[in-house]
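These are my notebook entries on one protein chain.

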Amino acid sequence: LAEYGPWAVAVLPVAVAGVHQAYEGRARGYEERKAGQRHAAAIGRLTNDLDELSILRRAAEDACVLGDVDVVDIDLPACRRSSPILHRHVRRGEPWTGQSHDASVSPGRLVADLPVPMEDDGESGHLRAWIIGGGKDLRLGEFQEQALQSLAKYAGAALRNARIHAEHAF
């Protein structure tokens with residue numbers, strides 16, 4: 001490098017830093033596109049179903065993936081024809097469905113408690129996400145929070161549709 005002059009020695013670190021930044025930007029953009037595609041697919045799966053338990057199962061599974069969390073609970077209040085229900089998805093365990101008061105205490109640290117709008121005038125359900133392990137300062141990223149908020153909103157709409165369908169079908 002010294003053969004080309006002292007300016008080459010000064011320019012090389014700047015050039016390497018520029019190439020590194022360009023690579024990081026491209027890699028980040030790719031990951032954001034993939035996450036957006038996963039989010040769109042999750043919303044599509046929710047809106048294609050009319051079975052309440054299937055919607056709960058899918059929403060909880062997708063919330064685990066989109067939020068990169070270990071445990072997700074979707075807790076729904078009672079409505080006209082159904083009793084309250086809680087569905088818990090554990091990333092490395094068996095899912096559980098039942099009454100809220102029968103559920104065991106989640107061993108992780110709560111990182112999200114989002115409303116699941118169920119009725120225009122009624123009580124909302126809740127989507128709760130936990131992380132097991134990690135530092136106390138570990139939290140969801142901005143995209144993860146937005147994805148979970150969107151998923152909770154669309155899960156509420158899909159569950160309302162399923163309940164309306166069940167009322168009219170039976």
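**Entry 1: confidence and conventions.** I began with the mean pLDDT of the protein chain, which is 87, with 95% of its residues at 70 or more; pLDDT is the predictor's confidence in each residue, from 0 to 100. Helices (H or I, at least four residues) and strands (E, at least two) are DSSP runs, numbered from the N terminus. I keep in mind that where pLDDT is low, the predicted coordinates should not be read in detail. The model is predicted, so local features need pLDDT of at least 70 and side-chain atom pairs count only at pLDDT 80 or more, while totals for chains, interfaces and linings use all residues. Residues are numbered from 1 along each chain as its sequence is written, and side-chain values use heavy atoms, with hydrogens and water left out.

**Entry 2: helix H2.** I checked the length of H2 against its residue count. The expected span is 1.5 Å times one less than the number of residues. For the 16 residues of H2 this gives 22 Å, and the end C-alpha atoms are 22 Å apart, which agrees. I then listed buried residues of H2, among them Ile55, Leu56, Ala59, Ala63, Cys64 and Leu66. Buried means under 20% relative accessible area, exposed over 50%, and partly exposed in between (1.4 Å probe, protein chains only). The cover over the buried residues of H2 includes H1, E1, strand E2 (85-90), E5 and H3.

Entry 3: Is Asp62 buried or exposed? Asp62, a residue of helix H2, counts as buried because its relative accessibility is 10%. Contact means heavy atoms within 4.5 Å. Neighbours within four places in sequence set aside, Asp62 is in contact with Ala42, Arg45 and Leu151. Just after H2, I noted a positive phi of about 50° at Asp68, a residue other than glycine. Asp68 belongs to the loop between H2 and E1.

**Entry 4: helix H3.** I repeated the length check on H3 (residues 142-169). Its 28 residues should span 40 Å at 1.5 Å a residue, and its end C-alpha atoms are 40 Å apart, which agrees. The buried residues of H3 include Leu148, Leu151, Ala155, Gly156, Leu159 and Arg163. Among the elements covering the buried residues of H3 are helix H1 (6-47), helix H2 (52-67) and strand E4 (109-116). Ala157, also found in H3, counts as partly exposed because its relative accessibility is 24%. From Ala157 to His168, 11 residues along the chain, I read a C-alpha separation of 17 Å.

**Entry 5: H2 against H3.** How do the axes of H2 and H3 cross? They come within 10 Å and cross at roughly 175°. Axes are lines fitted to C-alpha atoms, for helices over the stretch in contact, and angles run from 0 to 180 degrees between N-to-C directions. H2 and H3 are therefore roughly antiparallel (angles over 145 degrees count as such). Residues making the contact include Ile55, Leu56 and Asp62 of H2 and Leu148, Leu151 and Ala155 of H3. By class, the contact has 12 nonpolar, 2 polar and 3 charged residues. Ala, Val, Leu, Ile, Met, Phe, Trp, Tyr, Cys and Pro count as nonpolar, Asp, Glu, Lys and Arg as charged, and the others, Gly among them, as polar.

**Entry 6: Gly122.** Gly122 lies in the loop between E4 and E5. Gly122 is partly exposed, with a relative accessible area of 38%. The C-alpha atoms of Gly122 and Ser106 are separated by 27 Å, at 16 residues apart along the chain.

Methods: Angles under 35 degrees count as roughly parallel, over 145 as roughly antiparallel, 65 to 115 as roughly perpendicular and the rest as oblique.
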